[in-house]
Amino acid sequence: MANAEAHHDHAHGHDDHHHGPDKGIMRWIKTTNHKDLGTLYLIFAFSMFFVGGLMSLVIRAELWEPGLQFVDPEFFNQMTTMHALVMIFGGVMPAFTGLANWMVPMMVGASDMALPRVNNWGFWILPFAFTLLLSTLFMDGGAPAGGWTMYPPLVLQTGEGFPFLIFAIHLMGISSITGAINVVVTVLNLRAPGMTLLKMPLFCWTWLITAYLLIATMPVLAGAVTMLLTDKYFGTSFFTASGGGDPVMFQHIFWFFGHPEVYILILPAFGVVSTIIPAFARKPLFGYDSMVYATASIAFLSFIVWAHHMFTVGMPLAGELFFMFSTMLIAVPTGVKVFNWIATMWRGSMTFETPMLFAIAFVFLFSIGGFSGLMLAIAPVDFQYHDTYFVVAHFHYVLVPGAVFSIIAAVYYWIPKWTGVMYSEFWGKVHFWLSAIAVNVTFFPQHFSGLAGMQRRVPDYAVQFVDFNQVSTIGAFVFFIAQFIFIGNMIRCMAKKGEKATQQVWEGARGLEWTVPSPAPYHTFEDPPKVNDEILGFPSHGKAH
Amino acid sequence: MATQAAHHDAAASNRYFVPDPSAWPFVLTAALAAVVVGVAGFLENKHIGPIPIWIGSAVAIYIIFRWLRAVSLESEHGKYNQAVDSTYRMAMAWFIFSEVMFFGAFFGALWYARELSIPWLSGEGTKVATHLTLWPMFENIWPNNGPMELNGSFETVGAWGLPFINTLLLLTSGVTITMAHHALKENHRLSCILWMWATVALGVAFLGCQGYEYVHAWEGLNLTLSSGIYGSTFYMLTGFHGMHVTLGTIMLIIITCRLMSGHFKPESHFGFEGVAWYWHFVDVVWVGLFIFVYVL
Ligand code: HEM
Ligand SMILES: [Cu+2]
C-alpha cells in the first residue's frame, strides 16, 4: 500500500514537468510554487504602493498651501501614519519578499523555497492583515493617527481601530518571520553543489542577512505592541510613569526593532543593485568579498545605533555620544559599497537600459540620503533637525530613489525572464526620466524647508515655506502619475504582448537564472544544476587577475 | 527503457520534496483573522459575541492538526530526504531564535524599569528636577508599583516556595526528555514512551503549580496586572512563558502519541527532536525568569 502510494507520487512528480499550474482562483489560493507566490507578493506590494501613494497625495494636496483646505488635522495625521505603515509593511517589504521568492530558488539552483506551504501562509496573511489595518479608516475614531512609530501615550488615544492596528502588526510579523525563515533555509540548505557561500549571488547574501534581521527584530516589535495593547486594555503600566514604567521605554524597544528595520528595507536593494550594475557594465562585481563583509557589518551595527532616533528625548550624555558615534560608523561599510559599485562601472563597457538607469540613479540618490543621515547622526545638530522635513527628506531619499527604485530596477531586469517578453525600452526610459526628476523635485526642497524649521506631521505651516511645498506637491503628483507608465509596461509583458525575450536576455547578465528558458519553467531545477565561476559571474581562474 | 525509468525514479525519489498545492494556510489565516476580529470586538465592547473567536479557534486548531498530521505522514512515508530533514532542523532553530527575541523584549522591559525608569523617577542621574516636582517621596526600591502605587500595596511571590519547586520540575523534565531521546536512539520504545509520559506529567505539574500560584497572588497577595510595573512585568513574563509551556506540553503529548503508534526511527526522528528543542528552550527561559523575576 505504502509502496503503491509512493510509486504514484513519483509518477506524479514526473508528470509535473509537463503540466503547468491549476486553473482559476484556487491556483492562487492554494499555490505552493515560489514563482506564483512571488507574483502574488509583487502584485500585492504594488497594490499597496498605490494605496499608500494615494494617501501621500492627500498629504501633499493639504500641504499645497498653509492653512487647512482639504482635510481636517485629525484625518491628516491618519494619512501620515497609514501612509508609512502601508508603504513599509505593505509595499517595500512584500515587494522584496516577492523578489526573493522569484529569484532566490533560481539563483541558488533549488526546485522551490525550502518550506513551500509555509511560504503560502506567509503571503496570504498579508491581505488579511492589511484588510484589518485599512478597515480602521472606517471605524469610530478613525485610523491610528499617532505616527507609524506608535509612541505612547499618544497612540493609546486611537479609537476603536486600536486593537486592529496591534493585531495587524502581529500578523505582519508572523508573515515576515515565516518569509525570512524560508529565505534563510533556502539559501543555507538548498544551494546547488559547488556553490559555496562566497560564490553565492549577492542578492542571496543581502537577503540572507535581511532575513536574519527580520527574525531577530520582528518579535521585538510584536512584544512592544503587545505591551501597548495590555497598557490600554489590561491595566499594565509599561509605559506609564505613575506605575513605574516609562513612555521612553517604548521608544527604545521600538527603535531596537526600527533601525534594523530600515536596513531590512535597504539591504535587499543593495543586492539588486550589485546584481544589475555588473550586468550592464559587463564586468564582474568589484570587491565581492568586501560587499559581503560590509553587508554583515551593517547588519551588526544596525543593532547598536537605535537611539539616534531619540536624541531629543532626554537621554544621558553618554547615551547621546555612544549612539552618535556608532551611527557614524555605519557610514564606513556603506561607503565601501558605494565605492565598489562605482569601481564596478569604472572602465566597464556600459550600456544604459532601464534597469541600469534605475540602478545608477540608486547609487547617486541613495548616497544623498546617506549623507543627510550622517548629518542627522550628529547629535547636537539633530536637536535642530529632529522632527522636521529634513528627516522626511532623508528617509525618502533612502526609501524612494533607494529601496523603491531598486524594486523597479529589479522588475525591469527580471521581467523578461518571468514572462518571456521584453518590456518596452522606450517607455521604460520615459518612466525612468520622469521618476528620477520627479523624485528630486518632490524631496529635495524638503531639505530646505526642514533646515528652516518646518515640522513634519503638521497639516499647517508658516507662509515662508509655501514655495518649497508647492514644488514638492507638484513633484509628488508627477511621480505618482509616472508610475502608471511602469504598470502599463509590466502589464503588457504579463499579457505577453511584445518582443520575445531570449534565454540570456541581457548580454552581460550572469547567474543560474539565465541558464533556463524565458519564461522560466514552472518548476526550475528539480535536479540541482552544475555551477562554475563563469556561470556565476566571477572572474574565471584561467585568466590572469 | 525499463532501466532508464527505474533510474529516473531513483533520481526523482531523491529530489527535494515540494508539497502539492494546499488550501490550509489560507483557511488558517482566515480563521486567525476571525479570532482577532472577535477579540478586538471584545476589547472595544462591541457586543459581537464570542462566536468569531470560537469558530476561528476551532478551525485554526483543526487546520494546524491536519497540517501537522500531513507532515508526519509525509515523513513516515519516506518522502523527506536528507535535505528536507536539514530544512526542518534549521527552520526550527531559527523559529526558536525568534521566540528568544520575543521574550527578550519583555526581559528588556524588566531591566529598563529596574535599572533606568525607577531610578530616574527617584531622582537619580540628571532627573532630580522631575523627581522633586512630581513625586519627591518616591524611592528606588524593588518590587515597585510606581510613584502612584497603582492598585495599592501588594506582596510578591517568594522565590523559594512554589517557583523553586517549579524550577526543579522543569529542570527534571529536561532530564526525562533527554532520557527518552536516548531510549529512542537505542530503539527502546517502551522506555522512551514512559520517559515521555513522565515529561508530560512534569509539564502538567508545572502548569498546575503556576495556576495555583497565580490565583494565590491575584487574590491573596493583591498582585495583579495593574500592580504597576512589577505586576506588568511579572504577569507578562510568566504568563507568556506559561503559554509556551502549555503549547510545549501539547506538543509533547502529540509526539508521545505518535511514538505509541509506531512513528519515528532510531536514526531519524526530527519531529521528536524539534519538540525536545522547544522544551529545552522553555526550560531555559524559565531559569531566566526564576533568576530575574523571582530571585533578584
Ligand atoms: C548612512 C546611513 C544612515 C544614517 C547615518 C541614518 C541616520 C538617521 C538618523 C540620525 C535619523 C533620525 C533623525 C531624527 O529623527 O531626528 C534617521 C531617520 C530615519 N532614517 Fe536614516 N540613516 C541612514 C540610512 C537610512 C536608510 C538606509 C534608511 C531606510 C532605507 C533610513 C530610514 C530612515 C527613516 C525611515 C527615518 C525616520 C524614522 C521616523 O522618525 O519616522 N535611514 N536616520
Ligand atoms: Cu535609524
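Analyst: Let's look at helix α3 (residues 34–62) of chain A and helix α15 (residues 466–494) of chain A, whose axes come within 10 Å and cross at roughly 160 degrees. Helices here are DSSP runs of H or I, at least four residues long, numbered from the N terminus. The axes are lines fitted to C-alpha atoms over the stretch in contact, with angles running from 0 to 180 degrees between N-to-C directions. That crossing angle makes α3(A) roughly antiparallel to α15(A), a label for angles over 145 degrees. The crossing of the pair is left-handed, meaning the near helix is turned anticlockwise from the far one by less than a right angle.

Who does the touching? On the α3(A) side, the residues include F46(A), F50(A) and L57(A). From α15(A) come, among them, F477(A), F480(A) and F484(A). Contact means heavy atoms within 4.5 Å. Sorted by class, this contact has 13 nonpolar residues, four polar and one charged. Nonpolar covers Ala, Val, Leu, Ile, Met, Phe, Trp, Tyr, Cys and Pro; charged covers Asp, Glu, Lys and Arg; the others, Gly among them, are polar.

A word on the ground rules: this is a predicted model, where local features need pLDDT of at least 70 and side-chain atom pairs count only at pLDDT 80 or more, while totals for chains, interfaces and linings use all residues. Residues are numbered from 1 along each chain as its sequence is written, chains are lettered from A and ligands numbered from 1 in the order in which they are written, and side-chain values use heavy atoms, leaving out hydrogens and water.

Technical notes
Helices (H or I, at least four residues) and strands (E, at least two) are DSSP runs, numbered from the N terminus. Angles under 35 degrees count as roughly parallel, over 145 as roughly antiparallel, 65 to 115 as roughly perpendicular and the rest as oblique.
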